[in-house]
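Hi there,

I have a structure to hand over to you, and I hope you enjoy browsing it. Have a look first, and then read on for my notes.

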Amino acid sequence: MHDFHYRHETLYCEDIPLERLDKEQGTPCYIYSHATLIRHFRAFDRAFASVPHLVAFAMKANSNLAVLRLMASQGGGADIVSGGELFRARRAGIPPDRIVFAGVGKSRREIRDALDAGILFFNVESSAELHTLNDVASDMGAQARVALRINPDIDPRTHPYISTGLKHSKFGIGAEHAVETFTRAAALPCIRVVGVHAHIGSQLTHLDPFVESLTKVAALIETLKSRGLPIRYLNIGGGLGITYSNETPPDPTAFADAITPLLRQTGCDIIMEPGRVITGNAGILLTRVLYLKETGAKKFVIVDAGMNDLLRPALYDAHHDILPVRRSPHAPDDTVDVVGPVCESGDFFARRRTMPAVNAGDLLAVMSAGAYGFTMASNYNARPRVPEVLVKGGDSFVIRERETFDDLIRGEHIPDFLEARA
Ligand code: LLP
């Protein structure tokens with residue numbers, strides 16, 4: 001599943017003890033395994049070998065340039081959601097014809113930049129966006145290729161914050177308006193409708209919602225084709241879940257086996273946008289215990305990473321396993337809250353977690369942090385963002401440096417009228 005394992009009671013990433021990375025980089029620090037990233041990408045890609053397809057990695061999960069370059073080297077593209085992600089994808093060397101652009105709020109500037117770059121297509125989320133796209137393309141004397149994102153009204157049975165394909169969600173165009181919207185889109189002079197897109201949510205651990213959604217989408221494609229609307233691409237989005245604790249999501253092969261018949265039936269080229277399943281278990285957040293604190297009501301393990309570094313527990317009450325970097329077979333269990341230094345009660349990594357007792361100074365690995373970890377980090381509490389390190393066998397590479405205090409104030413100015421008077 002991943003390449004973080006114990007040797008002689010010490011946690012390694014591939015062939016490097018995490019203690020060595022701590023000596024070199026300090027804590028907190030994100031660490032990714034090259035072998036895991038490659039294996040996960042290839043497993044996903046190979047599972048769909050029997051249909052023409054492109055794996056457009058959902059870079060919101062992990063947008064480090066080195067990670068993106070690795071995806072590109074494996075034939076991958078990018079699912080982007082902003083001008084900033086377009087910039088990163090291009091800087092990482094992802095060819096524009098492997099980039100698709102989703103999101104309900106694309107600005108004119110973002111649309112212009114993406115048209116200029118020559119991306120594969122836009123995943124359009126509303127009629128209003130379609131008109132803006134037509135307008136911008138017309139100004140540029142260009143044609144915009146679009147896939148319309150359908151909201152199939154399917155319950156993905158995941159956390160409500162990461163469900164996107166239910167009727168009340170802000171994403172996509174209601175299935176009942178689909179045919180009408182496609183017909184109107186096709187009539188716009190600078191729009192070329194080339195595909196259908198559906199992404200119903202993230203961290204899905206069951207196959208049925210995918211199958212239900214694709215059954216609806218395949219029927220829609222059938223109808224569109226019968227009305228003379230050529231649909232070349234079907235973009236199935238992302239969403240396949242991973243094991244954080246005891247979930248048992250289908251692996252990419254089971255996922256592919258379940259949906260390939262439906263994909264084939266459409267006769268389309270398939271675009272897929274996996275994020276978490278590629279990078280989630282390929283990364284950890286290394287942190288150090290600063291203090292132990294007992295209040296009478298509770299025991300706290302206070303670590304040097306905070307919610308600004310890894311937001312998922314605070315935002316979704318998400319579970320991440322926490323492992324000691326040096327394991328002792330004799331350590332007694334303790335029930336603790338693992339919390340960070342940020343001034344918020346939501347700044348926790350685990351609550352009422354039973355785990356081997358730790359001491360101040362110990363290193364801990366917060367597992368499964370390779371997706372939506374660093375990308376959701378902030379500078380809250382004026383905390384510099386932490387470094388990212390890529391491990392390949394016995395070598396390690398700093399793929400993002402630790403921010404400095406100067407980075408924190410870059411671009412800020414004190415207007416003259418506030419200058420201190422002598
Ligand atoms: N495609 C679209 C259009 C998406 O909106 C997303 C994720 C993906 C693909 C990739 O989904 P994945 O394969 O990674 O599940 N911050 C949350 C996850 C938000 C997902 C947003 N969209 C978390 O930490 O769980």
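Below is what turned up around the ligand and in the backbone. Please keep in mind that this is a predicted model.

Let me start with the ligand. It sits in the largest pocket, with 19 residues around it, of which Ser202, Glu273, Arg312, Tyr316 and Tyr372 come nearest. Sorted by class, this shell holds six nonpolar, seven polar and six charged residues. Both domains take part: domain 1 (4-31 + 280-408) and domain 2 (34-278) each supply at least three residues of the shell.

Arg312 places a polar side-chain atom 2.6 Å from an oxygen atom of the ligand. Tyr316 has a side-chain N or O atom 2.7 Å from a nitrogen atom of the ligand. Gly275 contributes through its backbone instead, with an N or O atom 2.9 Å from a ligand oxygen. On its own the ligand has 590 Å² of accessible area, and the protein covers 91% of that.

Most peptide bonds are trans, and most residues other than glycine have a negative phi. The bond between Thr27 and Pro28, however, is cis, with omega at about -10 degrees; Pro28 lies in the loop that runs between helix H1 (18-25) and strand E4 (29-33). Asn381, which is not a glycine, has a positive phi of about 65 degrees. You will find Asn381 in the loop between strand E19 (363-366) and strand E20 (388-392).

Notes
Residues are numbered from 1 along each chain as its sequence is written. This is a predicted model: local features need pLDDT of at least 70, side-chain atom pairs count only at pLDDT 80 or more; totals for chains, interfaces and linings use all residues. Side-chain values use heavy atoms; hydrogens and water are left out. A residue is near a molecule or strand if one of its heavy atoms lies within 4 Å of it. A polar contact is a pair of N or O atoms within 3.5 Å; within protein, one must be able to donate a hydrogen and the other to accept it, and residues adjacent in sequence count only if both atoms are side-chain atoms. Accessible areas come from the Shrake-Rupley method with a 1.4 Å probe; for residues, only the protein chains shown count as cover. On a 1 Å grid over the protein atoms alone, a cavity is a set of points where a 1.4 Å probe fits but cannot get out, and a pocket is an open set with protein on both sides within 12 Å along at least five of seven lines; lining residues have an atom within 4 Å of a point. A molecule sits in a cavity or pocket if more than half of its atoms lie within 2 Å of its grid points. Ala, Val, Leu, Ile, Met, Phe, Trp, Tyr, Cys and Pro count as nonpolar, Asp, Glu, Lys and Arg as charged, and the others, Gly among them, as polar. Domain bounds come from an automatic or database domain assignment. Helices (H or I, at least four residues) and strands (E, at least two) are DSSP runs, numbered from the N terminus.
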